[in-house]
Amino acid sequence: MKIHQSAEDYLETILILRERKGSVRSIDVAGELGFSKASVSVAMKKLREAGYVRMDEDGLLSLTDAGQEIASRIYERHRLLTEFFVRLGVDKKVAAADACRIEHDISEETFAKLLEHARRNTISKE
């Protein structure tokens, strides 16, 4: 099933906030992304219905296994691309913004080769 970039961004944000804060609410996602609470509420409802997110009775968000898989894949791409661009000399903020755009569109093949390249160069420097 193809998932839209905006849904990937929401899932990635939930993952990042959970790592940073331990628990996540819709208001946290809204604040992180700069979106209205209403917009995030609509998105969370769609993600719950699609089976990517759960919300408990206290309003805490968690990722389902399917949501976790997507969020982890996108976040791994984001981190690697950001680091790659920074090592090329790109400003960290610019690198992160560019990585955020590219992480959704880069092919599996190209990302795998970038990852292979990064691992090869990291190992050779140790």
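Which residues in H1 meet Ser39, Val40, Ala43, Met44 and Leu47 in H3? They are Ala7, Tyr10, Leu11 and Ile14. "Meet" here refers to contact, defined as heavy atoms within 4.5 Å.

## The model and its layout

This is a predicted model, where local features need pLDDT of at least 70 and side-chain atom pairs count only at pLDDT 80 or more, while totals for chains, interfaces and linings use all residues. Residues are numbered from 1 along each chain as its sequence is written, and side-chain values use heavy atoms, with hydrogens and water left out.

The protein chain has 6 helices and 2 strands. Both kinds of element are DSSP runs, numbered from the N terminus: helices are H or I with at least four residues, and strands are E with at least two. Along the sequence, the pattern reads α-α-α-β-β-α-α-α. The C-alpha atoms fill a box of roughly 50 × 30 × 25 Å, taken along the principal axes.

Of the 126 residues in the protein chain, 37% are buried. Buried means under 20% relative accessible area, exposed means over 50%, and partly exposed lies in between (1.4 Å probe, protein chains only). Now take the contacts in the protein chain with a separation of 6 or more: 54% of them join residues 24 or more positions apart.

## Helix H1

Helix H1 covers residues 5-21. Its 17 residues should span 24 Å at 1.5 Å a residue, and its end C-alpha atoms are 24 Å apart, which agrees. The expected span is 1.5 Å times one less than the number of residues. After H1 comes Gly22, with a positive phi near 95°.

The buried residues of H1 include Ala7, Tyr10, Leu11 and Ile14. What do the buried residues of H1 pack against? Their partners are helix H2 (26-33), helix H3 (37-49), strand E1 (53-55), strand E2 (61-63), helix H4 (65-87) and helix H5 (92-102).

Thr13 counts as buried because its relative accessibility is 7%. Leaving out residues up to four places away in sequence, Thr13 touches Val29, Glu32 and Leu33.

Two packed helices are described by the angle between their axes and the distance between the axes. Axes are lines fitted to C-alpha atoms, for helices over the stretch in contact, and angles run from 0 to 180 degrees between N-to-C directions. Angles under 35 degrees count as roughly parallel, over 145 as roughly antiparallel, 65 to 115 as roughly perpendicular and the rest as oblique.

The axes of H1 and H3 come within 11 Å and cross at roughly 95°. H1 is therefore roughly perpendicular to H3. This contact has 8 nonpolar, 1 polar and no charged residues. Ala, Val, Leu, Ile, Met, Phe, Trp, Tyr, Cys and Pro count as nonpolar; Asp, Glu, Lys and Arg count as charged; the others, Gly among them, count as polar.

H1 and H4 pack at about 85°, with axes 8 Å apart. That makes H1 roughly perpendicular to H4. The residues of this contact divide into 7 nonpolar, 4 polar and 5 charged. On the H1 side they include Glu8, Leu15 and Arg18; on the H4 side, Ile70, Arg73 and Tyr75 are among them.

H4 has 23 residues. From first C-alpha to last, H4 reaches 33 Å, close to the 33 Å expected at 1.5 Å a residue. Its buried residues include Ile74, Tyr75, Arg77 and Leu81. Just after H4, Gly89 takes a positive phi of about 105°.

Is Arg77 buried or exposed? At 2% relative accessibility, Arg77 counts as buried. Setting aside neighbours within four places in sequence, Arg77 is in contact with Glu103, Ile106, Ser107, Glu108 and Phe111.

H4 and H5 pack at about 140°, with axes 8 Å apart. That makes H4 oblique to H5. The contact residues divide into 8 nonpolar, 2 polar and 2 charged. Among them are Leu81 and Phe85 in H4, and Ala95 and Ala99 in H5.

## A loop residue

Ala50 sits in the loop between H3 and E1. Ala50 is partly exposed, with a relative accessible area of 38%. Ala50 and Ile3 are 47 residues apart in sequence and 9.9 Å apart in space, C-alpha to C-alpha.
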